Amino acid sequence: MKFTETDIRQIESKGLTLAKIQSQIELFKTGIPFVTLSSAATINNGIIKCSDAEKAHYINYFEAKRNAISISKFVPASGAATRMFKNLFTFIEDYNPENETINSYVNKHKDADLSLFFIGLEKLPFYDKVLDQIALFYPDFASFSRDKQRFVFVKTMLDEDKMNYGFYPKGLLPFHKYKDHLATPFEEHLFEAALYAMTNDNSSLHFTISERHETIFKDEFKRIQDIVERKTNSTFDISFSYQKEATDTIAVTPDNNLFRDDDGHLMFRPSGHGALLENLNQLDADVIFIKNIDNVVVYKYENEVAEYKKMLGGMLVEIQSQVFKYLNLLENTEISEKDLQDIVAFMERKMHIVISKEYVKYTRKYQIEYLIDQLNRPIRICGMVKNEGEPGGGPFWVKGENGQISLQIVESAQVDKGLKKQLEIFKEATHFNPVDLVCGIKNYKGEVFDLQQFVDPETAFISMKSSSGRDLKALELPGLWNGSMAYWNTIFVEVPLITFNPVKTVTDLLKPAHQIK
């Protein structure tokens, strides 16, 4: 494939290399292999279910250690709220209050979510705020028919020249209505972080955002900082970063030629949440909690959610402490046979690492090297929620190309459902991934790992998109909690549904976890 001098300058200006682009094009040509599921991870087969006593132990362990370690909370928050309002955008485009009733529109389009939106209208956190704006733009609002009032409500909420909610960052939309104020997810993450990510009266949070939104996020923090710090008895260290241009991927035509825009330039696209691995790797903390921006709850549920975060955090800190002891021991060539057996037992029972069948045949020197290689990796403890029909990747035992079996979070698109056995295994999943992770990204010497060394590039995604009416193929990097963490040590732990309350559509705000009463 030939690149012009202009192409090469464009590639290099983004911080990319020609070799990297060529390897991406090769992926388009060869295709990305499906993963090979070995079995679903279930309770007592890859997923830990803590007893009340174990939960209390890990919480107490975390509380005892938290002021001696550094903790950060990492929140992917770059998304606009567009998808939250998808069916409402369709509604204001297609509906005419002069021609039909909302009821007939709902029935015609079988849009139960729209019906729910109007039923719960007054319970939405921004209901009064929208009415205030309506008073400015539509002085005759009171004289409108009920259906026209509802139509105008949605238009006021979404029109670019009015509230423009669909293009707001999701993190700064009003999510919760308290007696005296409206709270955004950004604010709720601060209150929540103070419950489990505070060390020595300081809470550290890192948000990945769109560059164009940085000013309004910083303004929001200034607006709420004093009150949040007073209520939590914590100072806050807030930082922001953007998805780096050097993580963009090349777009190609359906037949794998370079896709060019109308001006003849190469087309690059953002590469999905896997690109945030670089942002995560910039943090320097002993324990990092990862949680999406829209997964928050109203204040009355925050302590319960925080308990499970501390449970996962305690498990990470305790396991990591033992791993570090073993790694220091393995560096000592005088290590006893019993020590080696204890280490293997710990890896299998506590960390769910499947030891190679060849291990017993290795020389002692190579056994030690093998155990160091297996243990000296980033660790993640992943909360897993019982599957009740929610979308999301699931926990599975996966067989790698080398025959090694390991625990992975697998998305539906990664599975070859044309193979009967793979489809059967996929359907046997009992839990799903709510993006509730606690990560240890430092080694036993206190150095931050180079997280790129633990990515499986074969787990990228190829999808069909379009630009200016022309079809193209886009490449997404391995997902942040999927292939980007493929070679981490992974432990799955069951957590209750109360810990998972994402707002994917606006009507999710009507669910109990987002309502004060």
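Guide: Happy to. Let's call two rings of Phe, Tyr or Trp (for Trp, the six-membered ring) a pair if their centres lie within 6.5 Å; planes under 30 degrees apart count as stacked, over 60 as edge-to-face and the rest as tilted. By this rule the count comes to 28 aromatic pairs. Before you read on, bear in mind that this is a predicted model, where local features need pLDDT of at least 70 and side-chain atom pairs count only at pLDDT 80 or more, while totals for chains, interfaces and linings use all residues. Residues are numbered from 1 along each chain as its sequence is written, and side-chain values use heavy atoms, with hydrogens and water left out.

One of the pairs joins tyrosine 95 to tyrosine 105: the arrangement is edge-to-face, with 5.8 Å centre to centre and 75° between the planes. For burial, the relative accessible area decides: under 20% is buried, over 50% is exposed and anything in between is partly exposed, with a 1.4 Å probe and protein chains only. Tyrosine 95 has a relative accessibility of 4%, so it counts as buried, and tyrosine 105, at 1%, is buried too.

Another pair to find is phenylalanine 186 with phenylalanine 207: the ring centres are 4.8 Å apart and the planes meet at 50°, which means that the pair is tilted. Because phenylalanine 186 lies in helix H9 (residues 185-196) and phenylalanine 207 in strand S8 (residues 202-208), the pair ties together parts that are 21 residues apart in sequence. Phenylalanine 186 and phenylalanine 207 are buried.

Now step back to the tyrosines. Tyr95 and Tyr105 belong to one aromatic cluster that also holds Phe91, Phe117, Phe118 and Phe151.

A charge sits over a ring if NZ of Lys or CZ of Arg is within 6 Å of the ring centre and within 35 degrees of the ring normal. Phenylalanine 137 has the charged end of lysine 162 over its ring, 5.2 Å from the centre. Over the face of phenylalanine 426 lies lysine 417, at 5.4 Å from the ring centre.

Strands pair if DSSP finds at least two bridges between them. Three strands form an open sheet in the order S1-S14-S15, with antiparallel pairing. Strand S1 (36-40) and strand S15 (405-410) are the edge strands, each pairing on one side only. From one strand to the next, the twist averages 45°. S1 and strand S14 (residues 394-399) are joined antiparallel over four bridges, and leucine 37 stands opposite valine 398 in S14. Helix H15 (residues 420-427) packs on this sheet, touching S1 and S14, and its direction makes about 40° with that of S1. Such axes are lines fitted to C-alpha atoms, for helices over the stretch in contact, and angles run from 0 to 180 degrees between N-to-C directions; contact means heavy atoms within 4.5 Å.

Strand S4 (residues 71-76) pairs with S12 in the parallel sense over four bridges, with phenylalanine 74 opposite isoleucine 290. Strand S17 (residues 436-440) pairs with S12 in the antiparallel sense, also over four bridges, and aspartate 436 in S17 is the bridge partner of lysine 291.

Conventions. Helices (H or I, at least four residues) and strands (E, at least two) are DSSP runs, numbered from the N terminus.
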